[in-house]
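Subject: Structure handover

Hello,

Please find the structure we spoke about below. My notes follow it.

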Amino acid sequence: MSRPQSTHVFLFFGTLFCSVPALNSPKPMFHDSYSSMSMPFHQAGCFDQLVRHSHSRWAFARTSAYCEGTMRLKGGSCIERITADLGCGFEGLYIQLLDAIKAMHDPLHPQQIRQNALSFCQSLQNSNEMCLASAERLVDVSNFDEARHYGFQLYDILIRDRWEVLSQSERLAIRTSIIQRLRNGTKPLLEERKFIKEKLTQVLARLAQREWPSRWPELLQTVKDLASFGHTQCELAFLFLRTFLEDMKAEHLSAAQRGRLQQAFHRQAPEMLEF
């Protein structure tokens, strides 16, 4: 069945409207329902900044592609380039990231929207600076659990894949943040979700593989001290030890790395038994 002529005209002007710069256009809007007025513009690939006087969810796909392009530019920090080209500050970009995480985990969203949300999140992972800034905010205990988990996932990516290219200050920032979350950045024992506890301890175990014992000799003592902070911290300490020992068998570790970790743990194990 052919579309009414008015629909074709509307789509034509929607596409034409998207092809010219917007003047004094509004900031992106965040709404859970689509506006029938804005849908043709989104289908034509418009930026939400160009969809005036509508109530629409931003289109993840165009933001993802745009971020990937701006990350390749030179001059200034990555965050400054991305936020400048998208017409929003880091706070605005962070809100979009939270919205994308919600969309990824919402089964009521169409599959395409969820896939575009995932692409948007992955595009921000291309920048170490953006990963660090976003992770620090996402893992806050006041956030919803899926956002916290994604924040720890960003830390995991940095430790696993990019540790050697991070500066000493960036490495220290990650270490400090993880220990702070273990100390006072979790919910009470019976309220904290299992997948949060497992992800947090997994990140710490991966960090231990990178830094302990040569560059972080006091790690095990720090974990032992944290166990006395509360029931949640005590459980996290034991979860870390379990994960750390299991990861010693991981295939990505060389024989030399595995031997170094095992020998160091055997030397310090008696002190850990004083739990």
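**Buried cysteines and overall make-up**

Cys 131 is buried, with a relative accessible area of 1%. Here buried means under 20% relative accessible area, exposed means over 50%, and partly exposed is in between (1.4 Å probe, protein chains only). Cys 121 also counts as buried, at 1% relative accessibility. A search of the whole structure finds zero disulfides, a disulfide being a pair of cysteine sulfur atoms within 2.5 Å.

This is a predicted model, in which local features need pLDDT of at least 70 and side-chain atom pairs count only at pLDDT 80 or more, while totals for chains, interfaces and linings use all residues. Residues are numbered from 1 along each chain as its sequence is written, and side-chain values use heavy atoms, with hydrogens and water left out.

The protein chain has 13 helices and zero strands. Helices (H or I, at least four residues) and strands (E, at least two) are DSSP runs, numbered from the N terminus. Of the 275 residues in the protein chain, 47% are buried. Among contacts between residues at least 6 apart in sequence, 64% join residues at least 24 apart; a contact means heavy atoms within 4.5 Å.

**Nonpolar core**

The largest nonpolar core holds 58 residues, and within this core Leu 204 and Phe 240 touch the most other members. Helix 5 (residues 90-104) gives the most to this core, with eight residues. Such a core is a set of buried Ala, Val, Leu, Ile, Met, Phe, Trp, Tyr and Cys residues joined through side-chain atoms within 4.5 Å. In soluble globular proteins, nonpolar side chains tend to be buried together.

Not counting residues up to four places away in sequence, Leu 204 touches Ile 178, Ile 179, Leu 182, Trp 216, Leu 219, Val 223 and Phe 240.

**Salt bridges**

The count comes to 17 salt bridges, where a salt bridge is a side-chain nitrogen of Lys or Arg within 4 Å of a carboxyl oxygen of Asp or Glu. Side chains of opposite charge can pair when their charged atoms come close.

One of the salt bridges joins the side chains of Asp 145 and Lys 187 (3.1 Å, N to O). This pair links distant parts of the chain, 42 residues apart: Asp 145 is in helix 8 (residues 145-161), and Lys 187 is in the loop between helix 9 (168-184) and helix 10 (194-211). Asp 145 counts as buried, at 9% relative accessibility, whereas Lys 187 is partly exposed, with a relative accessible area of 22%. Asp 145 and Lys 187 also belong to a network of salt bridges with Arg 148, Glu 192 and Arg 193.

Asp 156 takes part in a salt bridge with Lys 199 (3.2 Å, N to O). Lys 199 lies in helix 10 and Asp 156 in helix 8, so the pair ties together parts that are 43 residues apart in sequence. Both side chains are on the inside by the cut-off above: Lys 199 counts as buried at 8% relative accessibility, and Asp 156 is buried with a relative accessible area of 2%.

Asp 156 also meets Arg 206 in a salt bridge (2.4 Å, N to O). This pair again links distant parts of the chain, Arg 206 in helix 10 and Asp 156 in helix 8, 50 residues apart. Arg 206 is buried, with a relative accessible area of 16%. Leaving out residues up to four places away in sequence, Arg 206 touches Asp 156, Ile 159, Arg 160 and His 252.

**Helix 6**

Helix 6 (residues 111-124) has 14 residues, which at 1.5 Å a residue should span 20 Å; its end C-alpha atoms are 21 Å apart, which agrees. The expected span is 1.5 Å times one less than the number of residues. Buried in helix 6 are Ile 113, Asn 116, Ala 117, Phe 120, Cys 121, Ser 123 and Leu 124. Seen down the axis of helix 6, its buried residues fall within an arc of 160°, so they line one face of the helix; the arc is that of the directions from the helix axis to the C-beta atoms. The face turned away from the buried side of helix 6 carries the exposed residues Gln 111 and Gln 112.

**Met 272**

Met 272 is found in helix 13 (residues 255-272) and counts as buried, at 6% relative accessibility. Leaving aside neighbours within four places in sequence, Met 272 is in contact with Leu 220, Lys 224 and Leu 241. Met 272 and Gln 221 are 51 residues apart in sequence and 7.7 Å apart in space, C-alpha to C-alpha.

Regards
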